[in-house]
Amino acid sequence: MNNDTRLAVAAHILALLSFTGREYTSSELLARSVNTNPVVVRRLTSLLRKAGLIEVRRGAGGAVLSRAPEDITLLDGYKAVVPKPTACPFYLRQ
């Protein structure tokens with residue numbers, strides 16, 4: 001999966017989880033929403049979990065945000081799912 005797709009799918013996952021609140025959402029439902037395979041979603045949710053953005057329950061559990069949606073930035077998602085970025089995809093004014 002290329003980096004652009006990872007970021008788009010990760011952002012979609014985070015946005016969908018923000019709407020479900022504290023209800024765990026399955027990788028199958030997330031995959032249908034993104035129109036991709038659940039394995040792709042599971043790989044990305046694993047990376048998002050390692051970054052501390054979501055919590056995952058195995059089995060029939062699903063995923064939920066680990067913090068408030070307003071405390072998660074697109075850059076957080078990017079850093080979580082793009083391995084060894086070569087350049088920043090966003091213009092950051094300092």
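This is a predicted model: local features need pLDDT of at least 70, side-chain atom pairs count only at pLDDT 80 or more; totals for chains, interfaces and linings use all residues.

Student: Fine. Is G62 buried or exposed?

Tutor: Buried, at a relative accessible area of 12%. G62 sits in strand β2. Strands here are DSSP runs of E, at least two residues, and helices are runs of H or I, at least four, numbered from the N terminus.

Student: What does G62 touch, leaving out residues up to four places away in sequence?

Tutor: Y24, T25, S26, E55, V56 and R57. Contact means heavy atoms within 4.5 Å. The C-alpha atoms of G62 and Y24 are separated by 4.9 Å, though the two are 38 residues apart along the chain.

Student: Back up a bit. What pattern does the protein follow along the sequence?

Tutor: α-α-α-β-β-α. That comes to 4 helices and 2 strands.

Student: What share of the residues count as buried?

Tutor: 31% of the 94 residues. The accessible surface comes to about 6,100 Å², and 52% of that belongs to carbon and sulfur atoms.

Student: And the contacts with a separation of 6 or more: what share is between residues 24 or more positions apart?

Tutor: 55%. L7 is in helix α1. L7 is also buried, with a relative accessible area of 16%.

Student: Now α2. Which of its residues are buried?

Tutor: S27, L30 and A31, in a helix spanning residues 27–34. Seen down the axis of α2, they fall within an arc of 100 degrees, so they line one face of the helix. An α-helix has 3.6 residues a turn, so residues three or four places apart point the same way.

Student: What follows α2?

Tutor: N35, with a positive phi near 65 degrees. N35 lies in the loop between α2 and α3. N35 is exposed, at a relative accessible area of 71%. Most residues other than glycine have a negative phi.

Student: On to pockets. What volume does the largest pocket have?

Tutor: About 330 Å³. The search uses a 1 Å grid over the protein atoms alone, and a pocket is an open set of points where a 1.4 Å probe fits, with protein on both sides within 12 Å along at least five of seven lines. Grid points are joined across faces, edges and corners, and the volume is the space filled by probe spheres set on the points.

Student: How many residues line the largest pocket?

Tutor: 17, with R42, T45, V56, R57 and R58 nearest its centre. A lining residue has an atom within 4 Å of a point. The elements giving two or more residues to the lining are α2, α3 (38–50), β1 (54–57) and β2 (62–65). The largest share, 4 residues, comes from α3.

Student: How does that lining split by class?

Tutor: 4 nonpolar, 8 polar and 5 charged. Ala, Val, Leu, Ile, Met, Phe, Trp, Tyr, Cys and Pro count as nonpolar, Asp, Glu, Lys and Arg as charged, and the others, Gly among them, as polar.

Student: Take T45. Buried or exposed?

Tutor: T45 is buried, at 8%. T45 is in helix α3. Beyond four places in sequence, T45 touches I13, L30, I54 and V56.

Student: And R58, buried or exposed?

Tutor: Exposed, at 76% relative accessibility. R58 is in the loop between β1 and β2.

Definitions and conventions. Residues are numbered from 1 along each chain as its sequence is written. Side-chain values use heavy atoms; hydrogens and water are left out. Buried means under 20% relative accessible area, exposed over 50%, partly exposed in between (1.4 Å probe, protein chains only). The arc is that of the directions from the helix axis to the C-beta atoms. Accessible areas come from the Shrake-Rupley method with a 1.4 Å probe; for residues, only the protein chains shown count as cover.
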